[in-house]
Amino acid sequence: MRSMLFVPGDSPRKFEKASEGKADALIIDLEDSVVIEKKDEARGLTLAMLKGSRGPHQLYVRVNALDTGMTLADLAAVMPGKPDGIVLPKSQGGDDVRQVATWLEAFEAASGIRVGTTRIVCVATETAGSIFGLGSYKGCSPRLAGLMWGAEDLSASLGATEKASGGVFHSPYRLARDLCLMAAAAEVAPIDTVYTDIDNLAGLEAETRAARRDGFSAKALIHPKHVDIVNAAFEPTDAERTWATRVIAAFASNPNSGTLRLDGQMIDKPHLRAAKKILGQP
């Protein structure tokens, strides 16, 4: 999964448009994009979207945060539509995942969904306090599929006046980004934050390539025209594919070797794991 496109939960028109694109996942949003007066209406519309004709996209629903008291009602409304996953905003750590997982088990049983199949993605850096909970996600639930870092709400939590300058995040946001990446590494998918300068496509591409370079495997999006750029940026280059193929072949020819020499460089099992990741092999 490379791209996760947010779609307002109260806009079937935008959902239909997003469904025509090539995002790997659509996140139907019941949180920030829906005003409080329209939450109930959006729940019904979201259920209808989930029950409609399914395309190739995975369908997630972003529910309201646990501290709003609306999360349980959101889940009760949308789980009969059998979403592929739930996005939990303003998550504080592993305990939040365990709470949502407990609710999901009950709703799955009630909706005829195989228990344990609904995944959870957490937006894990939206408050200053959440940074200290990043280490608690490890092993918290087999449902946890990804950790997404977010800058917009974090800015409000910090009381900051500016997040970035010259296309570069300031240090508090780089810290949140890097710690989220490390918390997700080797366990779940690390997901890069949204890019809000909608018409700056060159900046979007640069930020996405930097995310891939550092280890992120997907990016959240807020506009359909960002999808193709992000998908392309996460694709391995021809040079990377060639290198990965040669590394895998070298170890296949020397199955009892832990280290090998390739083009004058030492390679070992971490290189083999990286090569398999590039080619999408287990």
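The UniProt annotation "binding site", taken from an unreviewed entry, covers Glu-126 and Asp-153. Although the two positions are spread over 28 residues of sequence, they cluster in space, with a largest C-alpha distance of 5.0 Å. UniProt positions are given here in the numbering of this report, feature names are shortened, and annotations may be inferred rather than shown by experiment.

The structure is a predicted model, in which local features need pLDDT of at least 70 and side-chain atom pairs count only at pLDDT 80 or more, while totals for chains, interfaces and linings use all residues. Residues are numbered from 1 along each chain as its sequence is written, and side-chain values use heavy atoms, with hydrogens and water left out.

## Domains

The domain assignment gives domain 1 (3–234) and domain 2 (238–279); such bounds come from an automatic or database domain assignment. The centres of the two domains, taken over C-alpha atoms, are separated by 34 Å.

## The annotated residue Glu-126

Glu-126 lies in the loop between strand E5 (119–123) and strand E6 (144–148). Helices (H or I, at least four residues) and strands (E, at least two) are DSSP runs, numbered from the N terminus. Glu-126 has a relative accessibility of 5% and therefore counts as buried. The term buried means under 20% relative accessible area, exposed means over 50%, and partly exposed lies in between (1.4 Å probe, protein chains only). Residues up to four places away in sequence aside, Glu-126 touches Pro-89, Lys-90, Asp-153, Leu-154 and Ser-157. A contact means heavy atoms within 4.5 Å.

Lys-90, one of these contacts, is found in the loop between E4 and helix H4 (94–111). Lys-90 counts as partly exposed because its relative accessibility is 21%. Its phi is near 50 degrees, a positive value in a residue other than glycine. Lys-82 also has a positive phi, near 55 degrees, and is placed in the loop between helix H3 (71–78) and strand E4 (85–88). Most residues other than glycine have a negative phi.

## Salt bridges

Side chains of opposite charge can pair when their charged atoms come close. A salt bridge is counted when a side-chain nitrogen of Lys or Arg is within 4 Å of a carboxyl oxygen of Asp or Glu. By this rule the count comes to 25 salt bridges.

| Pair | N to O distance |
|---|---|
| Arg-62 and Asp-29 | 2.7 Å |
| Arg-62 and Asp-32 | 4.0 Å |
| Glu-207 and Lys-219 | 2.8 Å |

Arg-62 is buried at 9% relative accessibility, and Asp-29 is buried with a relative accessible area of 2%. Arg-62 also pairs with Asp-32, which lies in the loop between E2 and helix H2 (39–51), so that this second pair ties together parts 30 residues apart in sequence. Asp-32 is partly exposed, with a relative accessible area of 48%.

A network of salt bridges links Asp-29, Glu-31, Asp-32, Arg-62, Lys-90 and Asp-153.

The side chains of Glu-207 and Lys-219 meet in a salt bridge. This pair links distant parts of the chain, twelve residues apart, with Glu-207 in helix H7 and Lys-219 in strand E10 (residues 218–221). Both Glu-207 and Lys-219 are buried. Thr-208 is found in helix H7 (residues 201–214). Thr-208 counts as buried because its relative accessibility is 0%. Leaving aside neighbours within four places in sequence, Thr-208 is in contact with Lys-219, Val-230, Ala-233 and Phe-234.

## The surface and the start of the chain

Leu-175, Leu-179 and Met-182 form a nonpolar patch on the surface, with about 300 Å² of accessible area together. Patches are made of residues with over 30% relative accessible area and no salt bridge, with like charges joined within 9 Å and nonpolar side chains (Val, Leu, Ile, Met, Phe, Trp, Tyr) within 5 Å. Accessible areas come from the Shrake-Rupley method with a 1.4 Å probe, and for residues only the protein chains shown count as cover. Met-182 lies in helix H6 (residues 171–184) and is exposed, with a relative accessible area of 60%.

Met-1 is placed in the segment before strand E1 (3–8) and is partly exposed, with a relative accessible area of 38%.
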